[in-house]
Amino acid sequence: VIRRDLAVIRAVDDENILTGESITLDEFDSILILADEVAIENGANMMSCDSRSLSSLLIIQDIQKKLYDLKIKTNPEAALKPPCHPISEILDSRTKSLLSIANCKGYIMSNQIISSVIAQISEEKDINVVLNELLTAEGSETYIRPISKYVDLAKEKNLSFWDIALRARQVREVAIGYKPDGEDYK
């Protein structure tokens, strides 16, 4: 159970007594803002749920920036890592255009993912085994790895994705994509 303040999150035990542990929003490694499932069950539309998610995103980003700036101002020599970019669940694809305005670095289009999975399974039933392995908690895990795990960049520069996929396979991993250096995750 957690008791919340907008700037500090404090842990409490089962009897709602403070444990003394606390963390600020700029110290998290990741933040995921989920859509309000209860509101949808009570008849709210997807756009209003997305509005709440985006409002939460903007509030969290603002608090993170203020806390980080305050820490930099009070201790300029400290080696502080910048706050993480919150990820927001979006239900309605029409909301996607607002994400760039809100400076949202990451989002999850959960309905679109579910629709794609259902469409794939309806077309090819055997894919259900593969998707079960990839998308369930008991299945495989996905990691973002640096290319240097597979390639010595000082010696090799012009490798194709398939060359790197082969090297990943040699260490019992599967390469499923790449991110060019200097670009954000989108």
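The following legends describe close-up views of a predicted model. Local features need pLDDT of at least 70 and side-chain atom pairs pLDDT 80 or more, while totals for chains, interfaces and linings use all residues. Residues are numbered from 1 along each chain as its sequence is written, and side-chain values use heavy atoms, without hydrogens and water.

**View 1. Strands S4, S5 and S6 form an open sheet in the order S4-S5-S6, with parallel pairing.** Strands are DSSP runs (E) of at least two residues, and helices are runs (H or I) of at least four, numbered from the N terminus; two strands pair if DSSP finds at least two bridges between them. Strand S4 (32-33) and strand S6 (106-109) each have a single partner strand, so one side of each lacks a neighbour in the sheet. Four bridges join S5 to S6, and Ser88 has Tyr107 in S6 as its bridge partner.

**View 2. Lys71 and Glu27 form a salt bridge.** A salt bridge is a side-chain nitrogen of Lys or Arg within 4 Å of a carboxyl oxygen of Asp or Glu. Here the closest N and O atoms are 3.0 Å apart. Lys71 lies in helix H2 and Glu27 in the loop between strand S3 (18-24) and S4, so the pair ties together parts 44 residues apart in sequence.

**View 3. Asp29 and Lys81 form a salt bridge, with the closest N and O atoms 2.7 Å apart.** Asp29 lies in the loop between S3 and S4, and Lys81 in the loop between H2 and S5, so the pair ties together parts 52 residues apart in sequence.
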